[in-house]
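Here are some notes for you to read alongside the model.

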Amino acid sequence: MQPTRPGRPDPRAQAQQAQLAASLAGAVDLAAVKARSEAAARAQAAPPPTAAAPAGAPGAAVVDVTEETFQAEVLDRSFQVPVVLDLWAEWCGPCKQLSPVLERLAAEGGGSWVLAKVDVDANPALAQGLRVQGIPAVKAVWQGQLVAEFTGAIPEEQARQFVTELVRATTGGAIPGTGEEAPAEAEDPRLDAAEAALERGDLTAAEAAYQAILDAEPDHPVAGLALRQVQLFRRADEAGPDALAAADAAPDDVAAQARAADFLLGTGDVEGAFERLLDVVRRTAGDDRDQARQHLVELFGVVGDQDPRVAAARRQLTLALY
């Protein structure tokens with residue numbers, strides 16, 4: 001996860017929305033953009049979460065979620081505050097260790113984030129749709145997008161760090177009671193043109209707008225990351241789904257593997273993109289290995305070092321190299 005402007009859409013989420021909403025012919029599916037706008041509007045009309053509200057009530061910091069309420073309680077609400085999914089089951093021992101910790105942190109959070117609890121046995125379709133491989137599983141959602149996750153019980157301090165970084169990275173805020181001050185971040189009108197281009201699915205215009213900002217201010221806190229993300233989604237769009245078949249047919253073609261990884265990341269398959277390039281690193285040597293390593297590191301920068309999937313892939317890369 002990476003910091004974004006408070007009150008502004010995450011550039012990566014916007015770029016994903018634009019890439020997924022555009023066909024290979026370049027036509028924009030306005031229904032996808034409309035659905036996202038409607039979800040944001042519903043979220044604005046919903047009561048904000050509060051720690052004082054009874055668990056499960058509208059606006060509560062801890063809610064029980066079912067397949068019927070997932071849209072309202074998770075997707076719509078994630079346009080107000082980040083939502084942390086706690087996927088658990090009654091028979092799961094580690095879940096009984098982690099869930100009370102998350103519930104306590106949510107109550108302490110004072111409405112800065114919401115804990116949404118999902119019983120995977122009672123809601124198998126949700127578990128399947130969220131690609132749950134094991135429990136307890138924790139997944140963070142912001143503005144309708146999955147932005148971070150981890151599996152297994154972790155110590156309270158690590159859980160606290162996870163939600164603190166989530167709130168800081170998504171809303172630019174601080175969790176009440178942590179003693180941290182949220183850094184003030186001024187609006188930058190130069191970003192408006194890029195964000196407007198992303199809203200209409202015009203990645204070329206968005207790339208040009210971000211590049212213009214960087215030409216004038218090379219150390220801009222938002223434009224650099226946003227530009228890398230938009231460039232990634234342009235490459236993914238250009239590669240198209242045929243890149244996967246081409247890469248599978250030529251496993252020793254590093255460039256083909258890189259294009260396939262771009263396409264996978266552009267469609268949200270972060271682990272698949274990383275694993276494809278890790279496999280190249282493991283199987284090759286010399287220039288081919290270095291080329292795959294460099295492209296993988298570039299994708300790490302697009303996703304962001306705060307994402308736990310990046311940390312896991314970095315460990316695998318170290319093992320593969322040494």
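The numbered points below go through what I would look at in this predicted model.

1. Let's begin with the sheet as a whole. Five strands make up an open sheet with mixed pairing, and their order is β1-β3-β2-β4-β5. β1 (62–64) and β5 (145–151) are the edge strands; each has a single partner strand, so one side of each lacks a neighbour in the sheet. From one strand to the next, the twist averages 25 degrees.

2. Next, please look at β2, which covers residues 83–88. How many of its residues are buried? Six of its six residues are, so the strand is mostly covered. This holds for both faces: V83, L85 and L87 are buried on one side, and V84, D86 and W88 are buried on the other.

3. The pairing of β2 with β3 (residues 114–119) is parallel and runs over six bridges. Within this pairing, W88 stands opposite D119 of β3.

4. A140 is bridged to A148 in β5. Helix α6 (residues 156–171) packs on the sheet, where it touches β2, β4 and β5. The direction of α6 makes about 15 degrees with that of β4.

5. Helix α9 (residues 223–239) deserves a point of its own. Just after α9 comes G240, with a positive phi of about 70 degrees.

6. The buried residues are A223, G224, L225, A226, L227, Q229, V230, L232, F233 and A236. When you look at their directions, recall that an α-helix has 3.6 residues a turn, so residues three or four places apart point the same way.

7. Is A226 buried or exposed? Its relative accessibility is 0%, so A226 counts as buried, given that the cut-off for buried is under 20%. A226 and E207 lie 19 residues apart in sequence, while their C-alpha atoms are 8.4 Å apart in space.

8. Finally, the cysteines. The count comes to one disulfide, and this link joins C92 to C95 with an S to S distance of 2.4 Å. The S to S distance is within the 2.5 Å cut-off, which is why the pair counts as a disulfide. The link of C92 and C95 is right-handed, with 85 degrees about the S-S bond. Both ends are covered: C92 is buried at 3% relative accessibility, and C95 is buried with a relative accessible area of 2%.

Key. Residues are numbered from 1 along each chain as its sequence is written. This is a predicted model: local features need pLDDT of at least 70, side-chain atom pairs count only at pLDDT 80 or more; totals for chains, interfaces and linings use all residues. Side-chain values use heavy atoms; hydrogens and water are left out. Buried means under 20% relative accessible area, exposed over 50%, partly exposed in between (1.4 Å probe, protein chains only). Helices (H or I, at least four residues) and strands (E, at least two) are DSSP runs, numbered from the N terminus. Two strands pair if DSSP finds at least two bridges between them. Axes are lines fitted to C-alpha atoms, for helices over the stretch in contact, and angles run from 0 to 180 degrees between N-to-C directions. Contact means heavy atoms within 4.5 Å.
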